[in-house]
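Have the structure open while you read, and take the points one at a time.

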Number of protein chains: 2
Amino acid sequence: MASVKNAVGREIPTELEGRKLKPYRGLFKTYPRGRKAAGYFGRNKPGDRKLLESIDEAIHACKLKDGQTVSFHHHLRDGDYVVNMVMKAIAEHGLRDMVVAPSALFPCHEPLVELIDQGVIRSIEGSVNGPIGDAISHGRMKGLNILRSHGGRVRAIESGELKIDVAFVGAPTADAQGNMNALHGKSACGFLGYAVADSIFAKKVVAITDNLVDYPALPIQIAADYVDYVVSVPSIGDNQKIVSGTTKIATDPQKTGIAMAALDLMVHAGMVKDGMSYQAGAGGISLATTKFLGDYMKAHNIVAAWMDGGVTEHLIQIQRNGNCKAILNGQSFDVLSVTDMLTNPNHVPITPNYYANPWNKGALVNILDTVVLGGTEADIDFNINVNTHSDGRLLHGIGGHQDTAAGAKLSIMMMPVFRKTNAIIRDRVTTVSAPHHSVDAIVTDQGIAVNPARKDLLKKLRGSPVKLVDIKELRDIAYAEAGKPEEPHYLDRIVSAVQFRDGTYLDVIRQVKE
Amino acid sequence: MASVKNAVGREIPTELEGRKLKPYRGLFKTYPRGRKAAGYFGRNKPGDRKLLESIDEAIHACKLKDGQTVSFHHHLRDGDYVVNMVMKAIAEHGLRDMVVAPSALFPCHEPLVELIDQGVIRSIEGSVNGPIGDAISHGRMKGLNILRSHGGRVRAIESGELKIDVAFVGAPTADAQGNMNALHGKSACGFLGYAVADSIFAKKVVAITDNLVDYPALPIQIAADYVDYVVSVPSIGDNQKIVSGTTKIATDPQKTGIAMAALDLMVHAGMVKDGMSYQAGAGGISLATTKFLGDYMKAHNIVAAWMDGGVTEHLIQIQRNGNCKAILNGQSFDVLSVTDMLTNPNHVPITPNYYANPWNKGALVNILDTVVLGGTEADIDFNINVNTHSDGRLLHGIGGHQDTAAGAKLSIMMMPVFRKTNAIIRDRVTTVSAPHHSVDAIVTDQGIAVNPARKDLLKKLRGSPVKLVDIKELRDIAYAEAGKPEEPHYLDRIVSAVQFRDGTYLDVIRQVKE
């Protein structure tokens, strides 16, 4: 298999399953020529009816065929019922070899594994998590899976790299013309931003709702002029489960210590001041950092221009304290962040295009001051792994990690130096999910390492109380305490490829040996 | 010149100035094949700056060239300063033969006439009004002008028929990244809906604001990810002038009598009931009808599902009385309708794509119950003219007239039988702006004529107190009182073509003889 070494030193095959892969070249190096993909016209007349009786009828109406691509959004996170419901109907329809393009999957989607084994699902483009990723790692998926960040996904849709045949949009509220929102209804989850690009570019768009209301369903988050069909079902999900797994705040001393250290770094790097901006990732340590940052801002009367995210009660509390002017909501990580948008004009939803697409006229991440993020591993080159565990299994998606790391003035990665018998800081990450060019600092329980490429930051911190350590010292501690990591046992077969947000490839993931 | 007769009996040249013209074939007969046009990628990195010093600098940055197309929106109506300001800068830049693509023009844009004479402007695609239309009628414009409805304009942009090189968007509020809204600032005019398609499909997008605020400008009506440059100017317009000309309510007895008769027709046609929908045009009689409808609904405790428009205080009053659940705002016709949107979650903006594009997945007009509209003339075939006066001069745009007439279950045209010495109801309209297939009834000061093609409506009205007259009787009255109309004196040269919303051609307009 011909391959080339990319800008983080990983070998990228030039071609995989008929797909030509371009190697990653650097943060802002790959731009498109020409124009975006084009959307599809409709053909609607007075008297036409969009409301169908069942998902099966919608599959039929969309003329869905073997091998086509269906997409989903993940605003209901681990409480989503739509993906399983639709894929079951697709299976019952007798379709095979489908490409599933979700903005993310969660442990609740484990029933897809059976459809993977049956050949109903041929590959996944976008994001995987937990049991689906594990099944992929064990070679149970027939086709190649492509992992993309949130910005990378919308770029792939807008550029035509990812062609969606039918977008199924779970809608907490909809009307019979297809206007949708996620602010009202028993399954309210905030916004439908991840489905916006899908609804613009998919051939057909189906709204699936458990709260069909009289026209017009307000506010309009996805508009009727982009929707072909509407299906009413008893339930699209359980919105109590949008707080789940990665979105619970850390409380143990090791993690809160890391969070405090990250805040300390932000402060002494000059990033905590009036007019600042900030984003936290979904992980427990990130949430703890947000909480500590809020306390600090309150104590020092600092007012941020804006914060974005994954919005939680912690961000809302900062705003309610008067320490943040605006919240830009890419998704809601708890129910408070849903209800707050109902009445707060300074807490507004943003699409992933707005937030993270590297090929638009200006993504929010490009003006972001600080982002705090997590990772499963980091290496002495400052590359970060968020996708695989150290045994090689693909268990997590990328989310907005790559996007914010690339754009933010200060990107902070937070993790312990080792976990039990596993060295987290190591010579080489199992998988490169975020390239070292985008990583400014790694904050651990044993000290903070700043990327030597960030000479300006190192200069700024000189003489400050922030004690820096060499990343290799952190690795040495990890190896001393947890043992030198063993290379995972792989087969040759590549089961998944990790894209950078610009469509080039950072790494590949191989099938694990049983 | 080869020509074919279209479905309203007008001769349409098969080709004009290199443009192939398809004749109008009927209301919902012409649909596209294939896909929409494609938007343009951006190339934005951290640290890039969008804020420029002047409009001239923006023209330079956009690399605007001779013969290219620039677009504008008309939410500031007769109070707009942006069109004149930008076109003056384009002239000073030495550019020539520009195509100007406004969603509408107003008398305030008279300074463009000089630029037409100088050859800076070669043609207008979209809409004209008053002095510009008059100049076109007198042959002063070099190129062919294309008139489109609101739905037709967005269809033309989405389909790539109208290619915009640079969209200049007057923004009552913007930030340095290009987020815009029209709800705040001294020039607040409600919404920027007419510029939404422009911002998605134009090669370059320039925000021009007189209220540059800190990021993020909220709410986001046009988002930073679609904006290339931002220019701050002292003033973009006078929002007190959005109530102007056509948007003042009628008070004289002849006109209010027509409005009362239209309400009577609506009532007896069964269109005034709980769950109804309604739109009024911008004309004085339409506004009076809205007021009377509101009084009737209040007296009879009727609650509409929604009303849309051109929103005025009259529509808002109906909602405040509890007689209308939701207002869908295509544009604001007065300042109250701007401020109301700030706090009223059931009064929301809609784009012209949502409202009227015939080629999307369902325009609002397709589910509209009743629309009341005006016209400069109507003929015994039930064709309506809104563009030209009876002397042949092109003085008005189409607005949403064609779109709503085509979609609504009941389209009512309201006008006097004659005006002074001019027969309004006549054998043949000077220009066909809305085809008879879309016109259900003509309400005049001398009685109501129902289109004989609407057998269902005629049946429904049989036995009701609504007295119907034959349209030919109305014409006879007109001719008896005002004299038989003379054909305008034209030269051979076609100066403008009137499109139907689907891109086919309804009529052409010739240069008038001096």
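This is a predicted model: local features need pLDDT of at least 70, side-chain atom pairs count only at pLDDT 80 or more; totals for chains, interfaces and linings use all residues.

1. Strand S22 (residues 377-379) of chain A is joined to S23(A) by 2 bridges, and the two run antiparallel.

2. Next, have a look at strand S16 (residues 229-232) of chain A. Strand S6 (residues 51-52) of chain A runs parallel to S16(A), with 2 bridges joining them. Here Leu51(A) is opposite Val230(A). Strand S14 (residues 204-209) of chain A also runs parallel to S16(A), and 4 bridges join these two. In this pairing Val206(A) stands opposite Tyr229(A). While you are looking at strands, here is a handy rule: in a regular strand, side chains alternate between the two faces of the sheet.

3. On to where the chains meet. How many residues does the contact take from each chain? Chain B gives 61 residues and chain A gives 60 residues. The area buried between chain B and chain A is about 5100 Å², and carbon and sulfur atoms give 58% of that. Three residues deserve a highlight: Arg35(B), Phe41(B) and Lys361(B) supply 20% of the area that chain B buries against chain A, more than any other three residues.

4. What about polar links across the contact? Between chain B and chain A there are 31 residue pairs in polar contact, counting pairs with both residues at pLDDT 80 or more. Several elements of chain B each supply at least two residues to the side that touches chain A, among them helix H5 (150-159), strand S18 (304-311) and helix H12 (401-407). The biggest giver on that side is S5(B), with 6 residues. Sorted by class, the side of chain B that touches chain A has 32 nonpolar, 15 polar and 14 charged residues.

5. Stay with S5(B) for a moment. Strand S5 (residues 35-40) of chain A pairs with S5(B) in the antiparallel sense, over 3 bridges. To find the pairing on screen, look for Arg35(A), whose bridge partner in S5(B) is Tyr40(B).

6. Salt bridges also cross between the chains. The count between chain B and chain A is 2 salt bridges. In a salt bridge at 2.8 Å, N to O, the side chain of Asp228(B) meets that of Lys361(A). As background, side chains of opposite charge can pair when their charged atoms come close.

7. Over all chains, the structure holds 54 salt bridges.

8. Chain B has its own examples. Arg155(B) and Glu161(B) meet through their side chains in a salt bridge of 3.1 Å, N to O. Are these partners buried or exposed? Arg155(B) is buried, at a relative accessible area of 1%, whereas Glu161(B) is partly exposed, at 31%. Arg454(B) and Asp440(B) form a salt bridge too, at 3.0 Å, N to O, and both of these residues are buried. Back in chain A, salt bridges that share partners link Arg19(A), Glu125(A), Arg148(A), Arg155(A) and Glu161(A) into one network.

9. Thr256(B) is located in helix H7 (residues 253-268) of chain B. Its relative accessible area is 18%, so Thr256(B) counts as buried, the limit being under 20%. The side chain of Thr256(B) reaches the backbone oxygen of Pro253(B) at 3.2 Å. Leaving aside neighbours within four places in sequence, Thr256(B) is in contact with Ala250(B), Thr251(B) and Phe292(B).

Note on methods: Residues are numbered from 1 along each chain as its sequence is written. Chains are lettered from A and ligands numbered from 1 in the order in which they are written. Side-chain values use heavy atoms; hydrogens and water are left out. Contact means heavy atoms within 4.5 Å. Buried area is the accessible area (1.4 Å probe) that two parts lose on being put together, summed over both. A salt bridge is a side-chain nitrogen of Lys or Arg within 4 Å of a carboxyl oxygen of Asp or Glu. A polar contact is a pair of N or O atoms within 3.5 Å; within protein, one must be able to donate a hydrogen and the other to accept it, and residues adjacent in sequence count only if both atoms are side-chain atoms. Ala, Val, Leu, Ile, Met, Phe, Trp, Tyr, Cys and Pro count as nonpolar, Asp, Glu, Lys and Arg as charged, and the others, Gly among them, as polar. Two strands pair if DSSP finds at least two bridges between them. Buried means under 20% relative accessible area, exposed over 50%, partly exposed in between (1.4 Å probe, protein chains only).
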